[in-house]
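The sequence and coordinates are shown first.

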Amino acid sequence: DTTYSVYFDRVGRVDDTPVFRFESLSVGDKLEGPAMIIDNTQTIVLIPGATAVLTSKHLYITLE
C-alpha cells in the first residue's frame with residue numbers, strides 16, 4: 001500500500017520496503033521480504049529472504 005525506510009541487520013537500510021495492510025490481502029497472496037504487514041493491532045516484519053503466504057486461517061512465514 002506504501003513504502004517505508006527500514007533497517008535490517010546484515011542488509012542495512014532498505015529505503016523502499018513495501019508496507020501492506022493485512023485486510024487488503026487475499027487468501028493465496030504471497031509476499032517476499034523485505035516487507036511489512038500491518039493492521040490495527042500488529043506489525044509483522046518480513047526480513048529479506050522471508051516469504052509469507054496468507055491461508056484461510058494463518059499467515060504462513062518461511063525463512064531462508
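Strand 4 and strand 5 run antiparallel and are joined by four bridges; strands here are DSSP runs of E of at least two residues, numbered from the N terminus, and two strands count as paired if DSSP finds at least two bridges between them. A hairpin of four residues leads from strand 4 to strand 5. Within this pair, isoleucine 38 has threonine 43 of strand 5 as its bridge partner. The model is a predicted one, in which local features require pLDDT of at least 70 and side-chain atom pairs count only at pLDDT 80 or more, while totals for chains, interfaces and linings use all residues. Residues are numbered from 1 along each chain as its sequence is written, and side-chain values use heavy atoms, with hydrogens and water left out.

Strands of a sheet pair through backbone hydrogen bonds, either parallel or antiparallel.

Valine 6 lies opposite valine 14 of strand 2. Valine 19 has methionine 36 of strand 4 as its bridge partner. The pairings in this sheet are listed below.

| Strand pair | Sense | Bridges |
|---|---|---|
| Strand 1 and strand 2 (residues 12-21) | antiparallel | six bridges |
| Strand 2 and strand 4 (residues 35-38) | parallel | three bridges |
| Strand 4 and strand 5 | antiparallel | four bridges |

**Phenylalanine 20**

Phenylalanine 20 is located in strand 2. Its relative accessibility is 21%, so phenylalanine 20 counts as partly exposed; buried means under 20% relative accessible area, exposed over 50%, and partly exposed in between (1.4 Å probe, protein chains only). Leaving aside residues up to four places away in sequence, phenylalanine 20 touches Asp1, Leu25, Leu31, Ala35, Met36, Ile37 and Ile38, where contact means heavy atoms within 4.5 Å. The C-alpha atom of phenylalanine 20 is separated by 14 Å from that of threonine 41, 21 residues apart along the chain.

Strand 3 is joined to strand 6 (residues 51-54) by three bridges, and the two run antiparallel. Leucine 31 stands opposite alanine 52 of strand 6.

**Surface features**

Isoleucine 61 is placed in strand 7 (residues 59-62) and, at 39% relative accessibility, counts as partly exposed.

One salt bridge is found in a search of the whole structure, a salt bridge being a side-chain nitrogen of Lys or Arg within 4 Å of a carboxyl oxygen of Asp or Glu. The side chains of glutamate 23 and arginine 21 meet in a salt bridge, with 2.8 Å from N to O. Glutamate 23 counts as exposed because its relative accessibility is 53%, whereas arginine 21, at 27%, counts as partly exposed.
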